[in-house]
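Open the model in your viewer and follow the stops below. Each one says what to select and what is there.

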Amino acid sequence: MKCLITDAVYPGIAEELKKFMDVKTSDGKPLSKEEMIREIADADVLIMRVDPKIDRDVLDAAKNLKAIGVCAVGLNHVDLEYAKEKGIQVFNAPGLNANAVAELTISKMLDISRHTIPANQDVKVNHIWDKYKYVGRELRGKTLGVMGFGRIGRRVAELAKAFGMTIVAYDPFLKPEDFEREGAKGMGIDELIKVSDFISLHIPLTPETKDLFNKKSIAEMKDGAVVLNMSRGGIVNEQDMYEALCAGRIGGYAADVMENELAGSGLSGNDEFQSPLFSCDNFVISPHIGAQTVDASRDIGLHIIEKVKEVMNLK
């Protein structure tokens, strides 16, 4: 048996699976679609994160593939129906990155509220020490709207309550009592957008959620409200958000994702990644590092190891 491991995943996965099969890694980098098609031809198991898309072309090239282990939560990059048709089991690691993503969400709430990023730039790069320039606001007493009240959303709410925030939440799969048990008030999207000082997105990218935050929905937000996107870039229309930030319509946009994250040749190229949003001081961005902690990587890796053993009947 052969296992192909791509992207930066927990090293213990390769160490453990080498006891049962030949393991080939991609030196901690995601493969391009062309590279994946070439490398996956004789693999029985694929371990990856979220790049590249595993579409029909890739699955047709995988003559021996029996299992795909995704070291992440989202599965929208895999053609699940075609994989099932070909008898390939696909599994992920739901919930194991919840605390890592939640802590990053809170970090960005604080960065936006206290202007820590531009203040750091002023001191370290511009050599300006002006404590009167940056007047922030506290999280205490503010309303946090959590869209998507799964493991990550609930953990964000739990941490936010320690700051004295009021929690409202939207999740189409939950009942009112489910929110109440977590100390939150459930409500629809339209109402949540209107009452929240901060809106934290933890929902999947689907045809229904694509461009959910656009010119119209942003116009309905409270003055000075902040959007936090730790989910998928396409949920926020970035041009509309840019125009809103430039106009001072809302307080800020903090994200860990962008719509075209692997621009050009992506992580393997030297081309620059650009966006009009980069010119906005009230825009804070990180390169999809929500689950990038030693702790989450280990927990996800151990889960994936056990799933591979179960699916491949390894003892």
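Start with helix α5, residues 98–114. This helix has 17 residues and reaches 24 Å from its first C-alpha to its last. That is close to the 24 Å expected at 1.5 Å a residue, where the expected span is 1.5 Å times one less than the number of residues. Helices (H or I, at least four residues) and strands (E, at least two) are DSSP runs, numbered from the N terminus.

Before moving on, note that this is a predicted model: local features need pLDDT of at least 70, side-chain atom pairs count only at pLDDT 80 or more, and totals for chains, interfaces and linings use all residues. Residues are numbered from 1 along each chain as its sequence is written, and side-chain values use heavy atoms, with hydrogens and water left out.

**Stop 1: around α5**

Is α5 mostly covered or mostly open? It is mostly covered: twelve of its 17 residues are buried. Buried means under 20% relative accessible area, exposed over 50%, and partly exposed in between, with a 1.4 Å probe and protein chains only. Select some of the buried ones, including Ala-98, Val-101, Leu-104, Ile-106, Met-109 and Ile-112. Lys-108 and Asp-111 are also among them.

Step just past the end of α5 to His-115, which takes a positive phi of about 55°.

Now go to the loop between β5 and α5 and pick Asn-97. At 8% relative accessibility, Asn-97 counts as buried. What does Asn-97 touch? Leaving aside residues up to four places away in sequence, it touches Val-73, Ile-152, Ala-291, Ala-296 and Ile-300. Contact means heavy atoms within 4.5 Å.

**Stop 2: the five-stranded sheet**

Show the open sheet with the order β2-β1-β3-β4-β5. Its five strands have parallel pairing. Two strands pair if DSSP finds at least two bridges between them. β2 (22–25) and β5 stand at the edges, each with a single partner strand, so one side of each is left without a neighbour in the sheet. Neighbouring strands are turned by 15° against each other on average, direction ignored. Axes are lines fitted to C-alpha atoms, for helices over the stretch in contact, and angles run from 0 to 180 degrees between N-to-C directions.

Walk through the pairs:

- Strand β1 (residues 2–5) and β3 are parallel over three bridges. Cys-3 stands opposite Val-45 in β3.
- Strand β3 (residues 45–48) and β4 are parallel over four bridges. Met-48 has Val-70 in β4 as its bridge partner.
- β4 and strand β5 (residues 89–91) are parallel over three bridges. Ala-67 has Gln-89 in β5 as its bridge partner.

Zoom in on strand β4, residues 67–70. Ala-67 and Gly-69 point one way, Ile-68 and Val-70 the other way, and all are buried. From β3, the chain crosses through helix α3 (residues 56–61) to β4, and this β-α-β crossover is right-handed. Right-handed means that, with the strands pointing away from the viewer, the path from the first strand over the helix to the second runs clockwise. β4, helix α4 (residues 80–85) and β5 also make a right-handed unit.

Next, select helix α12 (residues 294–312), which lies across β3, β4 and β5 and runs at about 165° to β5.

**Stop 3: the seven-stranded sheet**

Select the open sheet of seven strands, ordered β8-β7-β6-β9-β10-β11-β12 with parallel pairing. Its edge strands, β8 (185–186) and β12, each pair on one side only. β6 and strand β9 (residues 198–201) run parallel, joined by four bridges. Leu-144 stands opposite Phe-198 in β9.

**Stop 4: aromatic rings**

How many aromatic pairs does the structure hold? Three. Rings of Phe, Tyr and Trp (its six-membered ring) pair if their centres lie within 6.5 Å; planes under 30 degrees apart count as stacked, over 60 as edge-to-face and the rest as tilted.

Pick Phe-149 and Phe-179: their ring centres are 5.6 Å apart and their planes at 35°, so the pair is tilted. Both Phe-149 and Phe-179 are buried.

Then pick Tyr-253 and Phe-283: their centres are 5.5 Å apart and their planes at 25°, so the pair is stacked. Tyr-253 is buried at 0% relative accessible area, and Phe-283 is buried at 9%.
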